[in-house]
Amino acid sequence: IIMKFVEIFKNDNSYNEKTVIGFLSFAVMVLVMLADVITGAFGAHLPINEFTYNSFVIVTLGSFGIAGLEKFAKK
């Protein structure tokens with residue numbers, strides 16, 4: 001399993017690392033928003049630091065933007 005993990009860092013692999021990071025960042029944003037909605041339904045307040053959430057937004061948009069640019073702007 002270690003060799004499979006090391007293989008994703010090679011230049012000729014089948015994974016797009018930028019897309020993986022973008023998806024993970026998006027998944028964290030969705031989980032935080034779901035937790036906020038659930039705690040809000042029970043009357044509790046879940047403080048979310050705006051700076052932290054905006055950082056995940058920037059990482060998501062940047063990752064998907066770069067991956068999309070690479071896909072459609074071929075050499």
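1. Lys 18 comes out partly exposed, at 28% relative accessibility (buried is under 20% relative accessible area, exposed over 50%, partly exposed in between, with a 1.4 Å probe and protein chains only). Keep in mind that this is a predicted model, where local features need pLDDT of at least 70, side-chain atom pairs count only at pLDDT 80 or more, and totals for chains, interfaces and linings use all residues. Residues are numbered from 1 along each chain as its sequence is written, and side-chain values use heavy atoms, with hydrogens and water left out.

2. What does Lys 18 pair with? Its side chain meets that of Glu 70 in a salt bridge, 3.4 Å from N to O (the rule: a side-chain nitrogen of Lys or Arg within 4 Å of a carboxyl oxygen of Asp or Glu). The two sit 52 residues apart, Lys 18 in helix α2 (residues 17–41) and Glu 70 in helix α3. Glu 70 is partly exposed too, at 41%.

3. Now for α3 itself. Thr 60, Ser 63 and Ala 67 are its buried residues, and they pack against α2 (contact means heavy atoms within 4.5 Å). Helices here are DSSP runs of H or I, at least four residues, numbered from the N terminus.

4. Have a look at Thr 60, which is buried at 5%. Gly 22, Ser 25, Phe 26 and Met 29 all touch Thr 60, leaving aside residues up to four places away in sequence. The Thr 60 side chain also reaches the backbone nitrogen of Phe 26, at 3.5 Å.

Conventions
Polar contact = N/O pair within 3.5 Å; in protein donor to acceptor, adjacent residues only side chain to side chain.
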